[in-house]
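User: I would like to learn how to read the features of a protein model. Could you take me through this one step by step?

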Amino acid sequence: MKSNFRYLYMTFLAIALVFFNNACEDDDAPGTPRVDYVRITSPDSSDSLVVSGGQGQLIAIMGENLGGAVSIEFNNIEASLSMPYITSTSILVRIPTEIPQDINNQFVIYFKDGYELAYDFMVTINEPVLNSMDCEYVNDGGIAVIRGNYFYEPVTVIFPGELEGEVISVEENIIKVRVPEGSSPGQLLVKSNFGTGSSNFMFRDNRNIVVSSDPFVGWGGSQWVVSNPGEGDPELINGNYTRVVSNIGSWAWTEVAMGDAASMGEQGKNIPDEAILHPELYSFKFELNTMKPYNSNNLLINFGLKAANYNAYFWSPPYDTEGQWETVIIPYKELVDAYVAGGSTMEVSEDGYYCMVVFLGNGTLDCDMAFDNFRIVPNKY
């Protein structure tokens, strides 16, 4: 009986030693973290494997025994990692946007037991992205503010006509640049060591302007037109502008600009047919300068209708540019959705369109606001 027990014991011990040795020699044994591949997270491209990724891109790291991960670094820059996106077979992580000081083209996963797992993976540095300007109309010599991403110094800003602007300051998301003399309407470029980005918007966008007061057209609002600014007036940015200075009462009808297709003339025909048929592809823009805060009442806005709709799109406060010209951007589809909900039908008109900007709403307003360049332009240049 003792000899049988001893035999079973020795056999078990031998088997255990074999398993132990195999485990020591095989890094891919159960319990050892392993990365098999990296893929993108789009459901339509879940089988697309990648060996590199761009800044801010969400990727899925696939492997085994990854559940103990506590942090991950790309080129020694830590990425944000949260537990809901960590499982034993995958890690969802967004590549950091910071520029690395040292590039090793690896990510390293750190585990709670002290284990480290490195994997070859290249992070591509993005070219500049230009999203918007605080004001699309800035005079020569003025300071333009460009907003976007991946503005990594040194950067160069090129205005239409291949004119280089003087860069005043640079942050990752903001460039302040002096507009060069002789600038004209067109696309902006920002160049960095990692590529060249072009704007989807247009500097001094002169497309599809429906109301500009150059010349004044329509029925109402002529009393507000400024052609020769005096002391205390905002500067001209594109010919005449409209400045409304008035104590506006609650629900008091106060016209900024207004007219039917016949009275608006050629300006009223400046809305593209495509904007009427596919408003999601367009934006409604205008320049605004609030000498006093816009903090009450509403603006009733009609652009692209064959007849007035008095219960449709209202633009509401608060808004304060603090005495500076700024570009207001509203998706044109927001206006159209309000028109349709209010009973209007969007139809292409060869004769032009009804145009209306009127203060009409609850609350009194001590108004001192300037407007210019009401336009409907494509979302992409």
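**Reading pockets, cores and strands**

Analyst: By class, nine nonpolar, six polar and three charged residues make up the lining of the largest pocket. Ala, Val, Leu, Ile, Met, Phe, Trp, Tyr, Cys and Pro count as nonpolar, Asp, Glu, Lys and Arg as charged, and the others, Gly among them, as polar. The model is predicted, so local features need pLDDT of at least 70 and side-chain atom pairs count only at pLDDT 80 or more, while totals for chains, interfaces and linings use all residues. Residues are numbered from 1 along each chain as its sequence is written, and side-chain values use heavy atoms, with hydrogens and water left out.

User: What volume does the largest pocket have, and which residues lie nearest its centre?

Analyst: Rolling a probe the size of a water molecule over the atoms shows where empty space is left. On a 1 Å grid over the protein atoms alone, a pocket is an open set of points with protein on both sides within 12 Å along at least five of seven lines; a cavity is a set where a 1.4 Å probe fits but cannot get out; lining residues have an atom within 4 Å of a point. Points are joined across faces, edges and corners, and a volume is the space filled by probe spheres set on them. Here the largest pocket holds about 330 Å³. Of its 18 lining residues, Cys-135, Val-138, Ile-143, Gln-324 and Trp-325 lie nearest the centre. Strand E11 (residues 143-149) gives the most to this lining, with three residues. Strands (E, at least two residues) and helices (H or I, at least four) are DSSP runs, numbered from the N terminus.

User: How many cavities of 30 Å³ or more are there?

Analyst: The search of the whole structure finds two. The largest has about 60 Å³ of space, and of the 13 residues that line it, Val-211, Ser-213, Phe-216, Val-217 and Ala-257 are closest to its centre. Its lining has eight nonpolar, five polar and no charged residues.

User: Which residues touch the most other members of the largest nonpolar core?

Analyst: In soluble globular proteins, nonpolar side chains tend to be buried together. A nonpolar core is a set of buried Ala, Val, Leu, Ile, Met, Phe, Trp, Tyr and Cys residues joined through side-chain atoms within 4.5 Å. Buried means under 20% relative accessible area, exposed over 50%, partly exposed in between (1.4 Å probe, protein chains only). Of the 41 residues in the largest core, Phe-284, Phe-303, Trp-315, Tyr-332, Phe-359 and Phe-371 touch the most other members. Strand E27 (residues 365-378) gives this core the most, with six residues. Apart from it lies another core of 25 residues, including Val-138 and Leu-188.

User: Is strand E22 mostly covered or mostly open, and what does it pair with?

Analyst: In a regular strand the side chains alternate between the two faces of the sheet. In E22 (residues 282-290), nine of nine residues are buried. One side carries Tyr-282, Phe-284, Phe-286, Leu-288 and Thr-290, the other Ser-283, Lys-285, Glu-287 and Asn-289. Two strands pair if DSSP finds at least two bridges between them. E22 and E27 pair antiparallel over eight bridges, with Phe-284 bridged to Ile-376. Six bridges join E22 to strand E25 (residues 326-331), also antiparallel, and Glu-287 stands opposite Thr-327 there.
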